[in-house]
Amino acid sequence: KYRPFILLDEVDTFLDKDHPELAGIINSGHERDGAWSWRCADKANGFEPTAFSTWGAYAFAGIGGKMLETTLSRCIPLVMRRKRKEEKVARLTAAARAQGRVLAARAARWAADNAPALREIDEASDDAQWLDRIPNDRAGDNWRPLVAVAQACGGQWPELAISAAVALSAEEQVADESPGPMLLADLRVIFATAETMWSTDISERLRSDEFAER
């Protein structure tokens with residue numbers, strides 16, 4: 001009803017292959033036009049099918065490597081690490097929380113004031129050259145709103161945002177080419193021509209010139 005900004009913590013414990021229904025609902029909210037879920041939820045009206053909008057902004061936190069790829073592909077990942085013993089960071093105090101509320105109010109006001117400009121910028125981004133530097137269309141879709149905000153701010157922000165988009169998207173592309181997925185892709189090629197093979201034959205084929213460049 002209110003399309004809130006949804007924060008989900010410890011998603012590695014429940015947003016995985018064992019809970020595809022929940023992942024499917026969240027994944028459906030990636031784009032406004034297709035973000036709908038149908039349920040027979042109203043007993044008073046005889047359980048008539050009712051459409052619920054699933055569109056909105058999400059932020060996930062969890063242990064990497066355990067979430068579904070279909071969900072990760074709709075995200076901009078920010079990799080974090082544990083603080084070392086010798087490292088010192090400021091604590092999240094009551095004063096800091098109060099500052100956060102002020103920043104949130106300012107961000108909301110800025111968004112309301114600049115909504116028409118952001119809409120125009122996003123509509124003009126269909127042929128933007130920076131999108132050609134992003135490895136795939138979905139990653140480009142993920143970054144478009146943030147780049148639009150940077151362009152509305154002007155100054156150095158558009159260049160910084162586009163540089164970040166290209167760099168982080170390239171890191172995702174490298175991750176997709178890690179040994180595990182590459183091995184599975186090679187095995188798929190091998191078994192396209194045979195239903196069964198001895199392990200020694202598979203190993204020999206993987207070491208052949210056919211896959212040497214991979």
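**A walk through the predicted chain**

Of the 214 residues in the chain, 19% are buried, where buried means under 20% relative accessible area, exposed over 50% and partly exposed in between, with a 1.4 Å probe and protein chains only. This is a predicted model, in which local features need pLDDT of at least 70, side-chain atom pairs count only at pLDDT 80 or more, and totals for chains, interfaces and linings use all residues. Residues are numbered from 1 along each chain as its sequence is written, and side-chain values use heavy atoms, with hydrogens and water left out.

The chain contains 7 helices and 4 strands. Read from the N terminus, its elements follow the order β-α-β-β-β-α-α-α-α-α-α. Helices (H or I, at least four residues) and strands (E, at least two) are DSSP runs, numbered from the N terminus. The radius of gyration of the chain is 22 Å, well over the 17 Å that the globule rule gives for 214 residues, so the chain is more spread out than a compact globule. That radius is taken over C-alpha atoms, and the globule rule is 2.2 Å times the number of residues to the power 0.38. The C-alpha trace spans about 65 × 55 × 45 Å along its principal axes. Among contacts in the chain with a separation of 6 or more, 53% come from residues 24 or more positions apart; contact means heavy atoms within 4.5 Å.

Glu10 sits in the loop between strand 1 (6–8) and helix 1 (20–28). What is the phi of Glu10? The value is near 55 degrees, which is positive in a residue other than glycine. Most residues other than glycine have a negative phi. Glu10 is partly exposed, at 48% relative accessibility.

Further along, Thr71 belongs to helix 2. Is Thr71 buried or exposed? With a relative accessible area of 2%, Thr71 is buried. Neighbours within four places in sequence aside, Thr71 is in contact with Leu15, Ala23, Asn27 and Phe60.

The loop between helix 2 (69–72) and helix 3 holds Glu87, and Lys88 lies in the loop between helix 2 and helix 3 as well. Glu87 is partly exposed at 23% relative accessible area, whereas Lys88 is exposed at 76%. Apart from neighbours within four places in sequence, Glu87 is in contact with Arg81 and Arg82. Two C-alpha distances place this loop relative to other parts of the chain. Glu87 and Ala51 are 36 residues apart along the chain, and their C-alpha atoms are separated by 49 Å. For Lys88 and Glu21, 67 residues apart along the chain, the C-alpha separation is 41 Å.

Next comes the pairing of two helices. Two packed helices are described by the angle between their axes and the distance between the axes. The axes of helix 3 (residues 94–123) and helix 4 (residues 137–153) come within 9 Å and cross at roughly 110 degrees. Here, axes are lines fitted to C-alpha atoms, for helices over the stretch in contact, and angles run from 0 to 180 degrees between N-to-C directions. Helix 3 and helix 4 are therefore roughly perpendicular to each other, given that angles under 35 degrees count as roughly parallel, over 145 as roughly antiparallel, 65 to 115 as roughly perpendicular and the rest as oblique.

Which residues meet between these helices? On the helix 3 side they are Trp110, Leu118, Ile121 and Asp122, and on the helix 4 side Arg144, Ala148, Val149, Gln151, Ala152 and Cys153. By class, this contact of helix 3 with helix 4 has 7 nonpolar, 1 polar and 2 charged residues. Ala, Val, Leu, Ile, Met, Phe, Trp, Tyr, Cys and Pro count as nonpolar, Asp, Glu, Lys and Arg as charged, and the others, Gly among them, as polar.

Arg106 is also placed in helix 3, and is exposed at 58% relative accessible area. Arg106 and Asp201 are 95 residues apart in sequence and, C-alpha to C-alpha, 64 Å apart in space.

Last, the cysteines. How many disulfides does a search of the whole structure find? The search finds 0, a disulfide being a pair of cysteine sulfur atoms within 2.5 Å. Cys40 is partly exposed at 48% relative accessible area, while Cys75 counts as buried at 16%.
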